[in-house]
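Student: Let's go through this model together, starting with the backbone and then moving on to the side chains. Please give me the cut-offs as you go.

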Amino acid sequence: MNRRTFIVQSALLTGGMIILPSLRVRGANPVNAEKLTPYDLFKNPDAVYRPFVRWWWNGNRVQPRELIRELQVLKEAGVGGVEINPVKFPGDTDDLGIAPLEWLSGEWIDMLKATFDEAKRLGLTCDLIVGSGWPFGGEFLKSEERGQVMVIGVTKLEGPMTYETSVFNLLKESDPRISAPYSGRTPELLSLRLAPDPIGRLEEEINLSDLLKEGREMLQIRIPKGKHALYSLVRISAFGGVINGAPGADGPTLNHLDRKAVEKYLNHMSSAIEGRIGSLSGYVRALFTDSMELEGANWTDDMAETFAARRGYDVMPFLPYLMFKTEGMGNVSDYNYGVGMSPEFKDMVERMRFDMEITKAELFLERFTKTYVDWCHRLNVKSRAQAYGRGFFPLETSMAHDIPEGESWTTNWLQHRIGEEMSNEDYRRGRSYTMVNKYVSSAAHLAGKRLVSAEEMTNTYRVFNMTLEFLKVGCDMNAIAGITHSVFHGFNYSPPEAPFPGWIRYGAYYNEKNNWWPYFKHVNDYRARISSMLQHADMYADIAILPPVNDMWTTIGMQNEPFPSTTNAPYMSLLWEAMHKMGNGADYVSETIIADAAVAKGWLSYGRRKYNTLFLVETERVYPATLARLYDFVASGGRVFCLEKYPSKSLGWKDHERNDREVAEWVKKLRAFPERFALLAKPEDNDFMAWYPAVQQKYDLTPFASVENPNPYVMVNRYIRDDGSEFFFFVNSSLNREHLTSVRFPKEVTSRRYGWIWDPTDGRRYRFYPDKDGSYLLYLGPADSRIVVFDGAKEGEAWNPLPVRGANSRTLEGWDVELRHSCKDATEKTHFFVLDDLKNTPYVDFTGTVVYARKFHVAALPSRRTVLNLGKVWGVAEVSLNGKSCGVSWYGNRLFDLSGKLKAGENELEVKVITTMGNYVQTLKDENKIAAKWTARPGRAPQPKQSMGMGGPVVLYEAE
């Protein structure tokens with residue numbers, strides 16, 4: 001048995017790891033992509049690189065003519081594919097009398113066939129979700145195939161007294177308040193124990209379970225003197241329902257811990273479809289599973305026996321003390337729900353909790369993930385999955401899939417303020433990427449996969465307020481986190497005759513009725529060019545980060561990624577961000593990866609990944625085998641930095657005393673290398689951007705790009721292509737701030753290669769020349785990005801972008817304004833002597849196109865380029881001069897070259913600004929229930945009015 005097989009089968013470290021071979025199938029790669037040069041592919045990217053959309057088939061109320069029409073609409077908008085996603089019909093919505101189709105019925109499968117045929121004709125890729133809603137299930141599941149959860153109920157008591165209660169009350173106390181409880185759930189009271197508060201040994205409890213055998217509803221319990229707690233251990237079968245399941249796929253959720261049930265469910269789906277239309281591989285690229293939000297599912301019929309076989313002891317007597325009070329999504333509602341514990345008892349319980357969590361994760365990996373991946377491969381399609389949630393290995397599970405997927409958010413209850421802040425207090429604020437994305441992309445890197453998709457820019461709050469500029473910023477941030485392909489969330493199946501705003505399940509109103517829809521193709525072109533590059537290169541990282549996942553599982557249990565209710569190192573993403581702001585690159589790793597990595601000459605190597613530095617983030621508990629491997633790494637010249645603490649304990653309960661001693665011995669050996677095994681204190685204010693440069697300099701953490709004057713909003717990734725050429729992706733995620741910096745690239749990159757700027761907005765490229773000292777001056781406007789390429793091409797047009805300032809400038813004031821309303825037949829004319837944000841004017845509730853017009857005089861044509869700078873614009877800007885188009889600008893500095901259009905004498909300038917819709921939709925809340933749902937939800941603060949229009953100042957100047 002080889003070493004990797006041993007680790008997989010014994011789950012020696014963080015769990016079995018499956019690395020499955022990538023399978024080339026229809027739609028996964030462009031035709032003859034390997035025959036194209038990287039620039040050819042960038043200039044005209046194949047459809048597979050274009051963003052896909054999650055296509056909600058609302059309530060399965062779909063008809064073939066409308067399906068075909070919507071595919072054509074998406075194709076015209078520059079979308080490259082669809083994820084077919086049947087979902088519950090949105091409430092308070094006019095269904096137009098269209099009958100729902102049942103999932104997997106013949107009529108529903110015929111709709112698939114119509115979709116597949118049209119998509120093939122249009123050159124669009126199709127993915128298909130498994131089931132409907134999340135997590136998947138259905139009323140057709142047998143009782144033993146339905147999801148299970150083990151929970152506790154605790155009642156605090158003080159004796160001496162006689163306590164009278166009922167089985168009903170005990171079950172009620174234990175019932176978790178999950179998001180989607182199934183009406184047919186069946187609870188079973190398994191045990192009843194009375195524990196002193198605090199407890200020091202298991203023998204101190206009184207087992208009252210015999211009372212349950214008598215079958216009495218009412219129970220009388222004698223409580224001894226002192227504080228006690230009555231523990232009920234309850235198993236609930238069919239406890240959760242599918243969230244937003246469509247007809248035929250709603251009902252109880254599947255038991256994902258039961259391999260036979262999983263296989264039966266999956267085969268039921270594929271057999272029904274293939275039995276009617278033939279092989280799925282002829283139609284779909286991938287089958288997809290949404291995020292594993294299993295509402296805390298943690299049990300299956302053989303869990304106790306499996307635990308004992310794997311961990312070497314019976315956990316059932318201790319199980320109630322391992323558990324917390326849980327609620328929606330399995331989140332812990334009360335960490336102090338049970339009794340207090342002595343330090344010795346607490347340590348034992350925590351070690352057993354880890355054993356429970358890792359057993360559960362192993363079973364999810366083996367019984368669900370592997371079963372699902374094998375099923376996809378038997379069908380000759382790819383497995384695509386958001387392989388995370390409570391109960392899953394955050395790294396290894398994503399490694400198993402052909403297309404691992406993360407997710408990003410624009411706005412939700414957290415109010416991220418993307419582009420406006422980069423908070424150190426809350427790692428979520430200001431970021432579009434969720435905390436799980438770094439795990440997902442790292443998993444892809446370790447598994448040698450370059451296609452990493454994301455449910456991109458999920459929006460559940462300000463649905464009508466997203467701009468294309470905002471979408472770009474979020475997508476760029478996601479790319480820095482390692483995402484290489486966008487699946488926008490999402491496009492609603494909505495017949496054009498549906499009353500405004502149409503059928504909306506979720507999404508940022510990706511709809512042809514949205515004002516910016518005619519310009520949506522600009523975003524899709526941009527994203528396609530970015531993806532065509534990222535999917536044909538390896539993102540560089542020479543630093544590995546070990547998150548304290550095992551410590552978290554030990555102390556507070558598994559969390560619901562990507563939105564944990566709490567975490568033991570909330571600053572962790574700030575660490576990798578700082579590295580990417582200072583010219584280093586990082587991946588997350590796990591103890592499984594470390595144990596299975598090769599060590600040589602100061603490098604820790606796994607597959608194609610190599611790291612010379614490892615950060616342990618507040619890692620207190622590790623396996624001795626992990627430290628043994630780290631000793632080899634450090635002794636050979638590698639570096640390990642322990643943030644806040646050295647490891648001091650082992651993981652799990654069995655043989656823990658011996659394992660603890662081994663941990664202490666290995667740490668002692670490692671500390672003999674003080675320059676390469678060092679303890680670092682994290683910054684008190686979590687300002688890792690200010691903290692990291694000193695660490696970088698002291699320990700010679702050589703950056704791949706030396707960035708002068710780093711900025712909180714500016715990050716960079718380095719990529720290496722198969723031909724050895726390299727490129728760097730710089731991102732400024734601020735919506736309002738520009739940044740000028742100087743960057744030095746290492747000689748290994750620049751030697752015998754020439755610098756280029758590749759512009760993803762139009763597909764052009766320009767020679768990028770260094771200054772005399774060898775550095776490169778890099779300007780990034782607000783919401784800007786830059787691709788710097790080094791390859792063998794030498795000749796080309798020099799990079800000479802329009803400047804944001806210039807000579808002989810003049811400000812254009814006084815504008816005739818026409819407001820063309822997009823939602824009603826109305827046009828209003830006015831005059832702005834001074835430009836202002838529309839939200840500060842009587843037109844705050846407007847939506848549509850604002851046309852700004854004025855005339856200006858030029859005495860003589862200048863010899864240099866004349867630039868028009870619109871100043872601050874909220875929305876898409878389109879400019880024409882003297883009846884000739886000057887182009888469209890949808891993000892950042894709104895600069896236009898007037899060369900060839902400006903004339904001596906009088907000139908007529910027109911600026912169109914396309915606004916968002918949210919302010920207007922808010923005014924409909926009393927008459928339109930859909931508008932009210934997405935703009936004025938009960939219990940939430942009113943949505944703030946959005947900025948719109950052109951704020952200026954509008955300046956005309958000559959480029960110097």
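Tutor: Helices here are DSSP runs of H or I with at least four residues and strands are runs of E with at least two, both numbered from the N terminus. This is a predicted model, in which local features need pLDDT of at least 70 and side-chain atom pairs count only at pLDDT 80 or more, while totals for chains, interfaces and linings use all residues. Residues are numbered from 1 along each chain as its sequence is written, and side-chain values use heavy atoms, leaving out hydrogens and water.

Student: OK, where is Arg 752?

Tutor: Arg 752 sits in the loop between helix 21 (747–750) and strand 28 (754–758), and although it is not a glycine, its phi is positive, at about 65°.

Student: Is Arg 752 buried or exposed?

Tutor: Exposed, with a relative accessible area of 79% for Arg 752; buried means under 20%, exposed over 50% and partly exposed in between, using a 1.4 Å probe and protein chains only. Ala 238, another non-glycine residue, has a positive phi of about 50°, but Ala 238 is buried at 5%, in the loop between strand 7 (218–237) and helix 7 (259–277).

Student: And which peptide bond to Pro 135 is cis?

Tutor: That is the bond from Trp 134, with omega near -20°, and Pro 135 belongs to the loop between strand 3 (125–129) and strand 4 (148–166). The bond from Gly 159 to Pro 160 is also cis, with omega near 10°, and Pro 160 is in strand 4.

Student: Switching topic, how do helix 4 and helix 7 cross?

Tutor: The axes of helix 4 (residues 106–122) and helix 7 come within 10 Å and cross at roughly 65°, where axes are lines fitted to C-alpha atoms over the stretch in contact and angles run from 0 to 180 degrees between N-to-C directions. The two helices are therefore roughly perpendicular, a label for angles of 65 to 115 degrees, with under 35 roughly parallel, over 145 roughly antiparallel and the rest oblique.

Student: Which residues of helix 4 and helix 7 make the contact?

Tutor: Counting heavy atoms within 4.5 Å, helix 4 contributes Gly 106, Ile 109, Asp 110, Leu 112, Lys 113 and Phe 116, and helix 7 contributes Ala 272, Ile 273, Arg 276 and Ile 277.

Student: Now the rings: how many aromatic pairs are there?

Tutor: The structure holds 59; rings of Phe, Tyr and Trp (its six-membered ring) pair if their centres lie within 6.5 Å, with planes under 30 degrees apart counted as stacked, over 60 as edge-to-face and the rest as tilted. One of them is the edge-to-face pair of Phe 324 and Tyr 335, 4.9 Å centre to centre with 65° between the planes. Phe 324 is buried at 16%, whereas Tyr 335 is partly exposed at 31%.

Student: And why is the pair of Tyr 506 and Trp 934 edge-to-face?

Tutor: Their planes stand at 70°, with the ring centres 6.4 Å apart, so the pair of Tyr 506 and Trp 934 is edge-to-face. Tyr 506 lies in the loop between strand 14 (485–492) and helix 14 (520–534) and Trp 934 in helix 23 (residues 929–935), so the pair ties together parts 428 residues apart in sequence. Trp 934 is buried at 1%, and Tyr 506 is buried at 18%.
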